[in-house]
Structures are given as structure tokens and as C-alpha cells.
Amino acid sequence: MDLLRFNFVLISIFSLAKINLVLGDIGTATSYNPPYTPTKCGGNRNDQFPAGNLFVAVSEGLWDNGAACGRRYRLRCLSGNNKPCRDIGTTIDVRVVDFCPRRPCPSTIVLSSDAFAAISRNPDAKINIEYIQI
């Protein structure tokens, strides 16, 4: 089988099986509620929060000694207990505004309550996510 035909067969198999290829990192997410200020990135400034309140605090692994401030991530819910994901294919874009407010941090990324509600039905769930810096 020549390479072109092999690639076509491989692409066809993936298309038929509707396999979701992971393009980012895998982690966990939980939510946190107001008050959100002061933050480690912007203190008490209200302009640090993006429209729609789609923002997050990150754990030590992503914090990068504060260099994470302002970084943007695209993430989606993959799974969790009792099917918490709104829609497996739905993604949201979030901005880092803080270091995880709890020690130890309960997840890789802690989403504002609005951001969490955009991808999960259960505000108390711990979900598995895929995320990539954008």
C-alpha cells in the first residue's frame, strides 16, 4: 500500500470512529465563588476581569512564578462523576487572573463560577479538562 493510500485509510478510520484526538494538556478543574479580589495578578483592579467573567486561578504547575498572569487558555470539559459536562465539544477561552486561593490547590485550574457554569452542569463537581494556551 503506498503512503498516500495509507494516509487516506487512516484518516477515514479516524473520521468514521469520530475519535477525539487530544490536542492540549489534561488536568482537573473546580470552581470558586466571589469575592475574587484581591488577586495576585491585578490586586483590586476590576479591569483585570474579562467580559463574561471567564477567568481562572491556576495551580503551582501553571503559575510559573507569576508569569501566568494574563495568559489565555482554551479549555473543555472531558468527564467527571455523574456526567457533569454540558457538552463535550464546547470550549471556552479564559484568562489567568490569580494563583489558586487554596493550599493545597484542589485542581490544576480553578474557574470562576461563571466560567465553570459555561462547561459544567454541577458547580460542586471536580471535572477532567483538556486545556491549551492560546
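Trainee: What makes residues 12-19 stand out in pLDDT?

Mentor: Their pLDDT, the predictor's confidence in each residue on a scale from 0 to 100, stays under 50. This is a predicted model, in which local features need pLDDT of at least 70, side-chain atom pairs count only at pLDDT 80 or more, and totals for chains, interfaces and linings use all residues. Residues are numbered from 1 along each chain as its sequence is written, and side-chain values use heavy atoms, leaving out hydrogens and water.

Trainee: How many contacts does the model have for residues 12-19 beyond four places in sequence?

Mentor: Two, where a contact means heavy atoms within 4.5 Å. As for the chain, its average pLDDT is 88, and 84% of the residues score at least 70.

Trainee: How do you know that β3 and β4 pair?

Mentor: Let's check the rule: strands are DSSP runs of E with at least two residues, numbered from the N terminus, and two of them pair if DSSP finds at least two bridges between them. Strand β3 (residues 72-80) and strand β4 (residues 92-99) share four bridges, in the antiparallel sense, so they pass the cut-off. One of the bridge partners is D93 in β4, which goes with R74.

Trainee: And what joins β3 to β6?

Mentor: Seven bridges, with β3 and strand β6 (residues 127-133) running antiparallel. There, Y73 is opposite Q133.

Trainee: Why are D93 and R74 called a salt bridge?

Mentor: The term asks for a side-chain nitrogen of Lys or Arg within 4 Å of a carboxyl oxygen of Asp or Glu. Here N and O are 2.7 Å apart, so the pair qualifies. D93 in strand β4 and R74 in strand β3 are 19 residues apart, so the pair links distant parts of the chain.

Trainee: How far apart are the closest N and O atoms of D93 and R72?

Mentor: They are 3.9 Å apart, and the two form a salt bridge. D93 lies in strand β4 and R72 in strand β3, so this pair ties together parts that are 21 residues apart in sequence.

Trainee: Why is D93 called partly exposed?

Mentor: Buried means under 20% relative accessible area, exposed over 50%, and partly exposed in between, with a 1.4 Å probe and protein chains only. D93 has 27%, so it is partly exposed. R72 at 38% is also partly exposed, as is R74 at 35%.

Trainee: How many salt bridges does the structure hold?

Mentor: Five. Among them is R71 with D64, at 2.8 Å between the closest N and O atoms; D64 is partly exposed at 42%.
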